[in-house]
Amino acid sequence: MSSKRDLIGRSVADWKKSEHHGAGTWLAERLTSVVLAVLTLWVAYSAVKLAGGGYEAALAFVKAPLNAGLIGLTAIFAVWHMYMGLRMVVEDYFDKREGLGFYLFLIFLLSLVLLVATGAALYLVHQAA
Amino acid sequence: MSQTASGKPSPTPRRALSPHLQVWRWHITMFSSIMHRVTGFGSTVGLIMVVAWLVSLALGHQAYTAFLTFAASPLGMIVWFLLSLGGFVHLTGGVRHWIWDLGAGFTPKNADQLAFWSMAAGLVLTLAFWACLFASGKVSL
């Protein structure tokens, strides 16, 4: 039995971590959820507008600066929210000996890939004249 | 926290960090809580799909057509429907969390109603969304 697992064995400093970080995550979850509630309705509206419209219409939509900006904003907030959510679930069910670090790394990697892919796609669309 | 006679702490038994699915007695608030995580995970898949759509668009006509070969197929439509359902149920589940954050809806009766209506509202939003898609005439089975 690892002593790290022992609640009494933990230092006061360890307990006090939540004093500085807990509220920040809680607030970020709320902030991203409020922003995403608005943005996902815009996404749903855009999906109805674009569905079945073909390649040219979709390209013109993403080329419009306002739409490109909102897509970027949606990606940032969605990935941020996703990162916190997946992290919370994984932290609930795995501890350090059960591969927690590996899962957290996968979540970080997925977040990074999604952001880079969105950024690159927006860049490519706007590069093409 | 149990202690031995010598005053030294006894080893903590190995146990789950959080309640796992199988320990809950069936209840609607337990179901909606689990569904919030399931739909949150589904929304992750949805996000990946939307980013894949954007990337295929950026890669050109051919890649876009290849993406639509799946996305506009009957199987793709079922996937989009489930993803939209997950997204909307997660959205209304989020509204439920805001109501809790305001300090309301904590009595067992209110919590039950909130769980039911948030999931029902998510379903209604999904059906409304697909009604709009089909009404536009551009989406058909």
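Among contacts in chain A between residues at least 6 apart in sequence, what percentage join residues at least 24 apart? The figure is 67%. Hello everyone, and please keep in mind that this is a predicted model.

Let me start with chain A by itself. Chain A has 5 helices and 0 strands, and reading along its sequence gives the pattern α-α-α-α-α. Of its 129 residues, 17% count as buried.

One residue of chain A I'd like to point at is A:Lys49. You will find A:Lys49 in helix H2 of chain A. Is A:Lys49 buried, exposed or partly exposed? A:Lys49 has 13 other C-beta atoms within 10 Å, so it counts as partly exposed. If you look from there to A:His81, 32 residues apart along the chain, the two C-alpha atoms are separated by 26 Å.

Now to the place where the chains meet. Here 34 residues of chain A are in contact with 28 residues of chain B. On the chain A side, the elements that give two or more residues are helix H2 (17–50), helix H3 (54–63), H4 and helix H5 (100–127). Which of them gives the largest share? That is H4(A), with 8 residues. By class, the chain A side divides into 22 nonpolar, 7 polar and 5 charged residues.

Let's take two helix pairs from this region, both involving H1 of chain B. As a reminder, two packed helices are described by the angle between their axes and the distance between the axes.

From H4(A), the contact is made by A:Ile71, A:Ala78, A:Met82, A:Gly85, A:Leu86 and A:Val89. From H1(B), the partners are B:Arg37, B:Gly40, B:Thr44, B:Leu47 and B:Leu54. Sorted by class, this contact of H4(A) with H1(B) has 7 nonpolar, 3 polar and 1 charged residues.

The second pair is H5(A) with H1(B). Here the axes are 8 Å apart and the helices pack at an angle of about 30 degrees, which means that H5(A) runs roughly parallel to H1(B). The crossing of H5(A) and H1(B) is left-handed. H5(A) brings A:Leu114, A:Ala117, A:Thr118, A:Ala121, A:Leu124 and A:Val125. Facing them in H1(B) are B:Leu47, B:Ile48, B:Val51, B:Leu54, B:Val55, B:Leu57 and B:Ala58. How does the contact of H5(A) with H1(B) divide by class? There are 12 nonpolar residues, 1 polar and no charged ones.

The largest core has 21 residues, and the members that touch the most others are B:Leu54 and B:Leu57. Two or more residues of this core come from each of H3, H4 and H5 of chain A and H1 of chain B. H4(A) gives the most, with 7 residues. Leaving aside residues up to four places away in sequence, B:Leu54 touches A:Ile71, A:Thr118 and A:Ala121. There is also a second, separate core of 8 residues, with B:Val89, B:Leu91, B:Leu114 and B:Met119 among them.

That's my tour, and I'm happy to take your questions.

Conventions
Residues numbered from 1 in each chain as written. Chains lettered and ligands numbered in written order. Predicted model: local features only at pLDDT ≥ 70, side-chain atom pairs only at ≥ 80, totals over all residues. Contact = placed C-beta atoms within 7 Å. Helix = DSSP H or I, 4+ residues; strand = E, 2+ residues; numbered from the N terminus. Nonpolar A, V, L, I, M, F, W, Y, C, P; charged D, E, K, R; others polar. Axes fitted to C-alpha atoms, helices over the stretch in contact; angles between N-to-C directions. Parallel < 35°, antiparallel > 145°, perpendicular 65-115°, else oblique. Left-handed = near helix turned anticlockwise from the far one by under 90°. Buried ≥ 20, exposed ≤ 12 C-beta atoms within 10 Å, placed from the backbone. Core = buried A, V, L, I, M, F, W, Y, C linked by C-beta atoms within 7 Å.
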